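This report describes the fold and the packing of a two-chain model. The sequence and structure come first, then the details.

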Amino acid sequence: MKTLLRIAALGIALSLCATAYPQPGGPRLVVFAAASLKDALDEVVAGYPGAKPALSYAASSALARQIDAGAPASIFISADLEWMDYLEARGLVQAGTRRNLLGNSLVLIVPAASAASLAIAPGMPLAQALGDGRLALADPRYVPAGKYARAALEKLGVWGSISTKLAAAENVRAALAFVARGEAPLGIVYETDARAEAKVRILARFDPALHPPVVYPMALMQAAPAPAREFAAHLSGDRARHVFEKHGFRPL
Amino acid sequence: MLDPQELEILALSLKVAFWSMLGSLPLALALAWLLARREFPGKTLLDACVHLPLVLPPVVIGYLLLIVFGRHGALGAWLETHLGWVFAFRWTGAALAATIMGLPLAVRAMRQAIDAVDPRLEAAASTLGAGPMALFASVTLPLALPGILNGMLLAFARSLGEFGATITFVSSIPGETQTLPLAIYALTQVPGGDERALRLCVLAVLLSLGALIASELLLRRARHAIHGEASSG
């Protein structure tokens, strides 16, 4: 019993010590970024000479709702304009700090081992290609990647044929993972995601005319600390642009 | 009071919770009996493993399920080819996730119930010639029954609230895997979905309260039955 009490006391003491771990001075810079930015933004931050910001990746919808509910983000990079408009309408964006940072493309993917082939064209046999499998994509109700995908499939006239055969994921990376694992025979993700995952193969790219332009707007949130401006400037700078291009984004 | 879409979500949640409760029953009962009545090397490890879903992040459980029971998973592929069981993106997968998450609660409650059965009663029955199965059926089970039902209800209530493992394993498919918690989450992501999300939240609270109150009443009956009038008050 005494040993048990000693171990418990030691555990509590260690936890207390952890809370006293020195944090870098000054308010922490927090960047909320769309899930598809993960690899590229991680690399940009790794090469950033200043204090490294904390990065939080999720679907733009989830991030916007969190910021709306008071999350202490300094910078928000959304995967579509609508979610940035949403925050701007609520007065959460610092005036004059919003700019379009990057562009991306939508692609149709299959697991790397799959021999399937399918061309993107109006009335394409998508339902037949799926068979009894499901199309993996980010949730088309609110995640930008899913919304773009739905817009493209509606324009191609095939949305109705597959709207009940979807595997709607929480964010575009989760959809990518479903295809990479072979759980879904087909998926729609960003080109940058497909390039980052060796276990998927790109079948075709969606013509940009089929969906609203894929634009990643960036803005400072109200009450962002001073270092946020420097970091935002860095994201627009040449070093960061080079990294984004390497991952397949189109700096704007 | 509830529109057709909400009714569909409710019906799916109840279906998944019901089947996950039934599915966990044999395993939970067997584990509970083993932990209550037998000593063996590795017993503590087994006990700890059973409690893992209580402390592991649900997303981890969901991910492990994906690796093992996905269409190309270690067990999933075999189950699909030989038994035709598919868990990926189907309500069966949601039920499996819920079963695993509810198992520790069920095992704990059932184990406590079996622990409370006086082993001397079992010994007496054994000296009168009862084999182990007859012993379990006629002595242990009836006395432990309220506690066992309590365990099942806890598993049911836990299944109603299962989110992380479900969304990671089978994603969110309306009519197939979109249970109440997943539907609420989806609604909170859509601007203007707050009102509907709140309605579903109230529904979730009522359902869970109902299940928990029922399980609490069962527990009281169990204590009363085993200890008689002496424990009342």
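Which residue in E7(A) is the bridge partner of A:Ala138? The partner is A:Ala169.

This is a predicted model, in which local features need pLDDT of at least 70, side-chain atom pairs count only at pLDDT 80 or more, and totals for chains, interfaces and linings use all residues. Residues are numbered from 1 along each chain as its sequence is written, while chains are lettered from A and ligands numbered from 1 in the order in which they are written.

**The sheet of chain A**

Helices (H or I, at least four residues) and strands (E, at least two) are DSSP runs, numbered from the N terminus. Two strands pair if DSSP finds at least two bridges between them. Strand E6 (residues 135-138) of chain A pairs with E7(A) in the parallel sense, over four bridges. Both belong to an open sheet of five strands in chain A, ordered E7-E6-E8-E5-E9, with mixed pairing. E7 and strand E9 (200-205) of chain A stand at the edges; each has a single partner strand, so one side of each is left without a neighbour in the sheet. On average, neighbouring strands of this sheet are turned by 30° against each other, direction ignored.

Two helices of chain A pack on this sheet. Angles run from 0 to 180 degrees between N-to-C directions, and axes are lines fitted to C-alpha atoms, for helices over the stretch in contact. Contact between two residues means that their C-beta atoms, placed from the backbone, lie within 7 Å. Helix H6 (residues 144-155) of chain A touches strand E5 (106-111), E6, E7 and strand E8 (186-190) of chain A. The direction of H6 makes about 125° with that of E6(A). Helix H8 (residues 172-180) of chain A touches E5, E6, E7, E8 and E9 of chain A. The direction of this H8 makes about 145° with that of E8(A).

**The two chains**

A residue is buried if 20 or more other C-beta atoms lie within 10 Å of its own, exposed if 12 or fewer, and partly exposed in between; C-beta atoms are placed from the backbone.

In chain A, 77% of the contacts with a separation of 6 or more join residues 24 or more positions apart. In chain B, residues at least 24 apart account for 73% of contacts between residues at least 6 apart in sequence.

**Where the chains meet**

The contact takes 16 residues from chain A and 15 residues from chain B. On the side of chain A that touches chain B, helix H3 (60-68) and strand E7 (166-169) of chain A give two or more residues. E7(A) gives the largest share, four residues. Nonpolar residues are Ala, Val, Leu, Ile, Met, Phe, Trp, Tyr, Cys and Pro; charged are Asp, Glu, Lys and Arg; the others, Gly among them, are polar. This side of chain A divides into seven nonpolar, two polar and seven charged residues.

**Helix packing in chain B**

Helix H1 (residues 4-37) and helix H5 (residues 91-116) of chain B have axes that come within 6 Å and cross at roughly 40°. That makes H1(B) oblique to H5(B). Angles under 35 degrees count as roughly parallel, over 145 as roughly antiparallel, 65 to 115 as roughly perpendicular and the rest as oblique. The residues of this contact of H1(B) with H5(B) divide into 21 nonpolar, five polar and four charged.

Helix H3 (residues 58-69) of chain B also meets H5(B). Their axes come within 11 Å and cross at roughly 130°. H3(B) and H5(B) are therefore oblique to each other. B:Pro58, B:Ile61, B:Gly62, B:Leu65 and B:Phe69 in H3(B) meet B:Leu96, B:Ala97, B:Ile100 and B:Met101 in H5(B). The contact residues divide into eight nonpolar, one polar and no charged.

**A loop residue**

B:Glu176 sits in the loop between helix H8 (164-170) and helix H9 (180-189) of chain B. B:Glu176 is partly exposed, with 19 other C-beta atoms within 10 Å. Leaving aside neighbours within four places in sequence, B:Glu176 is in contact with B:Phe89, B:Arg90 and B:Trp91. B:Arg90 is 86 residues apart from B:Glu176 along the chain, yet their C-alpha atoms are separated by 5.8 Å.
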